[in-house]
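Trainee: Could you walk me through how to read charge pairs and a helix in a model like this one? I would like the general idea before each case.

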Amino acid sequence: FFLMIRRPPRSTQSRSSAASDVYKRQEEITSFDYDQPAPAKRPKKEKRDKRKAKEDKNDSVVGPDPRKKPHLESEELLMGNMPTSELYERSFMHRDVVNNVLASAKTDLIFTFSIDGHVKFWKKSFHLIEFIKHYRAHLGVITGACLNEEHTNLATVSPADKSLKLFDVMTFDMIAIVKLEFPPYECEFVRQDAATLIAISNQNTGEIALVAQDGEETLKVSRVLNVHSSPVRVMKFHSRVRFAVSADSNACVEIWDPNTGDFPRFTSFKFKLDTDLTTFLKRKTQISAIAFSPSGRLLVIYGRDKILDVFSTATMKIVQSINELEKLNGNTGNEAEDALLKLERIDLDRRLAVDREVDKAPDFLSRMSVDFDESENLLLYTSPLGIKVYDLERRQLIKVIGKSEHNERFLRIALFQGKAQRNPKGTVGRGGMASQMKETDPTIFSTAFKKHRFFLFTKREPEEGGEEGGGGGFGGRDIFNERPSKEDQQLAPVSTKKAMGTEAVIQTTMGDIHIKLFGQECPRTIENFVTHSKNGYYDGLIFHRVIKGFMIQTGDPNGDGTGGESIWGATFGDEFHKTLRHDKPFTVSMANCGPNTNGSQFFITTVPCPWLDGKHTVFGRVTKGQDVVQDIENIKTDELEKPLLDVKIITIKIL
C-alpha cells in the first residue's frame, strides 16, 4: 500500500521549528519498513471481551485441566513423603476380621475396627506403632466410623446394638452412648462449627438421622432427613464446600445441605442435572468409596465397577476418570504403566477370582477406600494388584504398593503423612532428658479381605530374621499381639532354635551338590525340605526337567512334574524375603503351580532369574558343586525337556 505524506516546500524556510517537529513525528509514525513484519491488529472490543471470558472460564476449572500441559515436580519429589516399599513392614492383629482403619496426622493416632465390635487405639511413633487402648464398643460389626474435622472426637455405629458411641480422642475415653430406634449403618460429622452434629444412615430405609447436642450437653436425634429412597451406604462431608455427599444401595448419589436437608443453594450449580452425579445411575453401579481432597477442591467416587471418577467440587463435573478394569491386563499403551502392571496369567487369574469373592461378600466386608496425599496430586486406591498410586496431574500410574503380597486383597486404607515422635540415641536435652524430635515416617495402614490383621507399608523393607525382627511373628513382621487362631498356629513357623540343619549335600549320580539353607528366613520351607530329606523321600528321584541356560528341576516321585506333596500332605504357602532373590546363578527355589502351592519339587537356577522374584520361594544357594549343576544342565533332553539320560538323587544329607 502507499502512504501519502504531505511535506512542506523545500524553498520554504519560514516555518517554525515546532511545525517542523510535528512533520518529523508524523513522518516517523506513518513510514513503513517492508523489511519488518506488519504489526498485529488490535482485536476489536467484542473479540477482546470474548477472549477474556474464555480465559476466565479456563481459570475456573478445578483439578487437572487436560488443556494445559502438565507441569509438576519430579516423581522422586512427589513420592518423597509417601511409602515406597513393595512389601508390608509389619502387621498387627485383632481377634476377628479387621474391616476399617482411620489415621489422624493431627493427633498421631491410628484407629482400627473389627467385625466383632472392637476398637483399638494406636499411637504412631517413628518406625512403629504403639498400642494404647482397646474397647469392646459394640455387640457386633462396626459398619460406620468417622472423625470430626479437628480429629478430637471419634464416632462409631453398629446395627447389632442400634447405638452410636462417641469417643474423646485426646483422653481415649468413651464420652457418650446414644441409643437409636433404628439399625444404623454409616455415620459422618456434618457440622462446620465446634458443636457436634452427626449424620447417621438407616440400614433399612433411605432416612438420615441428625444427632446433635441440646442445651444440657447430651446427644439425641434432632431431626430426620429424607434425602434418599434407598439405604445409604457411603457418606462424606467437607466443611469448605459446606455440603455432604451420600450414595445409596441403588447407585443414587445425592448432595445435600446439613442445615436444611435440601439441595444446596449456595453452589454455582442449581440442580442435580447440572452436574455429573447421574452417571452412576446410568452405569447402574453401587458406590464403594467417597473421598474429598484435603482442601475440598476435588472429590473422588469409587464405583464397584472399578471406575474412579474425579469431580471438581466447584461444578460437580467429572474432570478425570480412571478405569481400573482396563488397567488390569497391562495393555495401557504406556510402557511405564505396563511394567508396573505386568503379572503372570495364572497369578492375575487367581487375583481376579479373589476379587469375585470380594464382590459377593457383604458391604461391610468388601468396601474399598480411596485417599489423597497431602499435596492433592496423588490418588491412592486399592485394586486386585495392590495399592495403586496415581498421578492426577500427569494422568498416569506411578507406583503399585503391595503387588508382591500374593495372599492379601487389600481393601480399606488410611494414609499417614505426619511427623512421628522419635528419640534419637545420644541426644540429650535439658535436665538430662532425651530431646523429643519428630521426623516424617509416611505409612499406609491397610485392611485385607477376611484377614484378622491390618498391614503397615512404609519406606522400609521388612527386617531380617524372625525373633530379631520383633514380635516373634512370621519373618519378624507379623506380630502376634492377640492369641493366634488355629489357622495362624498352623501357619506359624517352627522355632529357628530347632535343629533343622544349615547345610545340605545332594548326592547325585553325577556328583555332590552342597547347599546352604536359609532356615531363619523361610522356616516352613526348610522344615519341609529337611524332613523329606531325612525320611528318604528324595532318594532315587530323577532330575525330570532340564532347560539349558535356565535351571534343573527335581523332587517329583512321578518323574514328570505332576506329583509330590509336602510333609503336611497339602500344599503350603510361599515365604518371600527381601534378601533372598533370584539375582545370581545356583539359587535353590521351590517349584509350584501358582501362589502358595508348594509341595516337594525344587529347582536350581543356572543364570540370574529376577522375573521369578515374588513367585518362587528361595531357600538355598549352591556353595560347592556348581560344576555338577552345569554338567546336569548340559545333558541332552527330549521335546518335553526331560533328560535322555537319567540323573538320579542318591540321597540328601543334612549337616
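Trainee: Which residues are linked in a network of salt bridges?

Mentor: Side chains of opposite charge can pair when their charged atoms come close. A salt bridge here is a side-chain nitrogen of Lys or Arg within 4 Å of a carboxyl oxygen of Asp or Glu. Glu89, Lys124, Asp441 and Arg460 are linked in such a network. This is a predicted model, where local features need pLDDT of at least 70, side-chain atom pairs count only at pLDDT 80 or more, and totals for chains, interfaces and linings use all residues. Side-chain values use heavy atoms, with hydrogens and water left out, and residues are numbered from 1 along each chain as its sequence is written.

Trainee: How many salt bridges does the rule give?

Mentor: The count comes to 21. In one of them, Lys306 pairs with Asp359, the closest N and O atoms being 3.4 Å apart. Lys306 lies in the loop between strands E18 and E19 and Asp359 in helix H6, so the pair ties together parts that are 53 residues apart in sequence. Helices (H or I, at least four residues) and strands (E, at least two) are DSSP runs, numbered from the N terminus.

Trainee: Is Lys306 buried or exposed?

Mentor: Buried means under 20% relative accessible area, exposed over 50%, and partly exposed in between (1.4 Å probe, protein chains only). At 5% relative accessibility, Lys306 counts as buried, whereas Asp359, at 43%, counts as partly exposed.

Trainee: And how many residues of helix H9 are buried?

Mentor: In H9, 10 of the 12 residues are buried, among them Ile526 and Phe529. After H9 comes Gly536, with a positive phi near 75°.
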